[in-house]
Amino acid sequence: MEERRRVTYKVNRNVLDEGDLDEMGEKSLTKPSLLDKIKDSASCTGPKVKNCMLGTFPVASWLPRYAFRENALGDLVSGISVGIMQLPQGMAYALLASVPPVFGLYSSFYPVLIYFIFGTSKHISIGTYAVMSVMIGGVVDRLAPDSDFEFWNNVTNNSDIDFASRDQERVRIAVAVTFISGLFQILLGLVQFGFVVTYLSEPLVRGYTTGAAIHVIVSQLKYAFGLHPKRYSGPISLIYTVVEICYLLPKTNIGTLVVSIVSIVALILAKELNAFLSKKLPVPLPMELLVIIATVVSWQVNLEERYGVDVVGTIPSGLQPPALPAMSLFGQVVGDAFALAVVGYGIAISLGRIFALKYGYKVDSNQELIALGLSNSIGGIFQCFAISCSMSRSLVQESTGGKTQVAGALSAVIILFITLWIGSLFEDLPKAGLAAIIFVNLHGMMKQFLDIPALWKSNKIDMLVWVATFILTLLLNPDLGLAAAIAFSMLTVIFRTQLPKYSLLGQVASTDIYKPVEDYDKQVPGILIFRSSATLYFANAEMYQEALGEKSGLDITKMLSIKKKLEAKRKRHEKKLAKKAKKELKKNKEPNSEHQKGIAVIDVDNDPDPSLPRAIILDLSPVNFLDTVGVKTIKSIRRDYGEIDIEVILACCQSGVVESLQAGGFFSSNVTKSCLFNSIHDAVLYCQSEKSKSRCDEECEQEVRAGIHVDRRCVHPEAKRVRKENRNDF
């Protein structure tokens with residue numbers, strides 16, 4: 001076995017505290033003011049204007065340099081493949097959103113073109129998405145339930161539903177919530193709020209999408225079985241819906257069920273065939289083309305009239321004219337719109353970053369917010385419902401050779417062609433076939449249940465976030481479930497900062513490296529090095545002090561109490577000496593010179609306690625910020641331990657922490673930056689140096705001369721002499 005080569009280095013320098021580093025590095029004490037920053041950001045120069053324009057319209061930066069030979073064929077094939085997928089998916093997801101299927105085609109056209117101009121990801125497929133659609137469907141069903149459109153049919157002597165009025169109102173609601181969600185995304189993008197997605201961790205997103213996928217599946221069961229259950233909304237509506245469907249199962253339409261089973265089996269076989277022939281086929285076979293076969297069969301057999309199978313129905317040719325959304329609905333959907341804005345952006349940016357990392361380009365998170373916001377707000381004006389990116393279509397777009405946003409634009413052209421000329425050919429497409437497409441496309445999301453055992457092995461807190469998010473999404477529906485999941489995830493972060501791991505550090509032999517003593521068992525004699533794994537702020541400040549006392553074995557409260565008692569004892573002794581001196585003066589006798597000075601070093605032991613450390617070093621490397629409570633905590637620790645003559649040193653402070661200490665009044669004429677060190681090793685060497693000892697000796701001598709030195713461990717010669725005299729006096 002080849003011996004590992006070791007690289008060595010040697011450094012010869014003085015021990016440096018924070019003040020020395022500031023002086024050596026010639027640290028600038030002046031910082032640009034807020035006014036200067038505003039002036040700099042508001043200044044208008046040629047390069048700034050150009051960068052601003054290219055950043056706002058990314059298409060102007062990449063389209064003029066489009067490599068036609070390298071990218072055109074791949075983008076063409078990819079665009080056609082994705083466009084074919086968009087056709088059935090758009091109509092199917094429109095059913096999820098509780099609007100007529102043709103509006104899914106509109107949502108697969110306008111937003112895609114807008115993203116082509118403003119988006120920065122080259123590979124994600126913008127358009128309808130199951131999770132977004134089911135969230136919109138929840139809003140639509142809540143504000144426009146079937147019961148609001150029931151009327152008595154005198155011909156059939158039964159209650160009936162005015163489907164035309166219902167669908168018209170539902171489209172108004174879907175458009176309004178889409179428009180507001182787009183405005184939210186634009187606003188967040190303009191204020192550079194793209195980092196909001198960082199609060200959506202991967203376990204949270206995957207648990208949420210899995211829970212939302214269950215909602216999608218349950219919502220499509222009525223189409224798969226040909227049932228007409230009641231529509232429920234609000235918390236635990238999923239459970240009510242499942243119970244209702246189970247109750248109605250005996251009324252299943254056999255023809256619809258057969259269509260569902262045949263469609264699902266055919267789609268699964270097509271997917272498996274694609275996987276089997278993936279290395280031989282230049283592009284995957286678009287399994288969505290099976291909808292053409294289903295449409296032809298439905299038309300020839302007349303499934304709707306003969307077997308009662310629900311079909312898509314009328315698909316009007318052409319596009320809808322632009323119209324402003326109904327402002328009267330904005331107040332009722334503003335909360336749902338914000339949830340849509342966050343979820344849609346979170347899914348799009350997560351997938352966009354995966355592709356950007358894979359292919360080596362950058363996705364601008366704030367520009368993505370603006371691009372999605374414009375896609376939704378402008379799309380809302382053209383009767384679209386909220387969109388995001390689809391993982392299945394994005395993977396197809398990548399695997400079929402798509403390399404730029406041109407592929408997305410070409411898919412929109414395919415949808416435009418279908419909408420204008422051949423959309424009516426799909427009017428006989430069974431809704432059960434669309435439900436089957438949704439079931440099969442959600443197969444990948446169901447695999448996310450395998451995250452649970454993997455997270456159990458790697459990180460149980462993340463597993464808890466996944467499971468809690470999944471359950472909350474199931475019970476509270478996707479809108480409230482998301483808010484509750486984010487709150488739960490934030491609580492786990494707070495609890496982790498409140499329950500960090502506290503360690504004492506020891507030196508690895510012959511190095512300047514310090515590791516926990518439970519692993520290396522090599523503590524520096526006379527020096528205690530303490531570290532917390534979390535930052536220090538109001539929520540864990542008290543526990544930080546308690547852990548320091550527990551790890552050091554020092555009951556600081558008890559020791560300070562003993563010191564106060566000794567101080568009181570010293571004062572009584574001084575009074576006794578004063579009375580004795582007065583009596584001697586009355587007798588015209590010379591008083592004892594030492595008693596006249598009133599010096600009293602109170603001791604309870606003859607020898608110093610070797611278990612007490614000479615210094616405590618606080619390793620603040622994990623601390624990335626300090627609030628006012630954190631600053632007061634460090635001041636309190638330094639003061640309390642200083643009163644029992646244990647010097648407290650701070651090590652590895654980040655610049656922001658030093659600034660917080662300075663702003664919080666930590667430094668004074670007595671406390672300077674000489675108690676801050678850039679590394680633990682510097683702090684240890686300082687504590688072991690003669691400089692530290694001489695400083696202690698000076699402090700001891702001053703206290704001895706003042707008659708207030710009560711440290712029973714002190715080996716200062718003057719303290720020893722006076723201690724001996726005081727023991728004789730007692």
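**Note on helix packing and the mixed sheet**

1. The crossing of helix 8 and helix 10 is left-handed. In this predicted model, the two elements span residues 130–143 and residues 202–225 respectively, and their axes come within 9 Å, crossing at roughly 60°. Helix 8 is therefore oblique to helix 10.

2. On the side of helix 8, the contact with helix 10 involves A130, V131, V134 and M135; the partners in helix 10 are Y208, A212, H215 and V216. Classified by residue type, this contact of helix 8 with helix 10 holds 7 nonpolar residues, 1 polar residue and no charged residues.

3. The crossing of helix 5 and helix 18 is right-handed.

4. Helix 5 contributes D75, L76, S78, G79, I80, V82, G83, I84, Q86 and L87 to its contact with helix 18, where they meet V406, A407, L410, S411, I414, I415 and I418. The contact of helix 5 with helix 18 comprises 11 nonpolar, 5 polar and 1 charged residues.

5. For helix 21 (residues 451–458) and helix 22 (residues 460–498), the axes come within 6 Å and cross at roughly 150°. Angles over 145 degrees count as roughly antiparallel, and helix 21 and helix 22 are therefore roughly antiparallel to each other.

6. The residues of helix 21 that meet helix 22 are D451, I452, L455, W456 and S458, and those they meet in helix 22 are K460, D462, M463, W466 and V467. By class, the contact of helix 21 with helix 22 has 6 nonpolar, 1 polar and 3 charged residues.

7. Turning to the strands, an open sheet is formed by 6 strands in the order 6-5-7-8-9-10, with mixed pairing. Strand 6 (514–516) and strand 10 (676–677) are the edge strands, each pairing on one side only.

8. Within this sheet, strand 7 (residues 527–532) and strand 8 (residues 615–619) run parallel and are joined by 5 bridges. L528 stands opposite I616 in strand 8.

9. Helix 24 (residues 541–552) lies across strand 5 (502–507), strand 7 and strand 8. Relative to strand 7, helix 24 runs at about 145°.

Note on methods: Residues are numbered from 1 along each chain as its sequence is written. This is a predicted model: local features need pLDDT of at least 70, side-chain atom pairs count only at pLDDT 80 or more; totals for chains, interfaces and linings use all residues. Side-chain values use heavy atoms; hydrogens and water are left out. Axes are lines fitted to C-alpha atoms, for helices over the stretch in contact, and angles run from 0 to 180 degrees between N-to-C directions. Helices (H or I, at least four residues) and strands (E, at least two) are DSSP runs, numbered from the N terminus. Angles under 35 degrees count as roughly parallel, over 145 as roughly antiparallel, 65 to 115 as roughly perpendicular and the rest as oblique. A crossing is left-handed if the near helix is turned anticlockwise from the far one by less than a right angle, and right-handed if clockwise. Contact means heavy atoms within 4.5 Å. Ala, Val, Leu, Ile, Met, Phe, Trp, Tyr, Cys and Pro count as nonpolar, Asp, Glu, Lys and Arg as charged, and the others, Gly among them, as polar. Two strands pair if DSSP finds at least two bridges between them.
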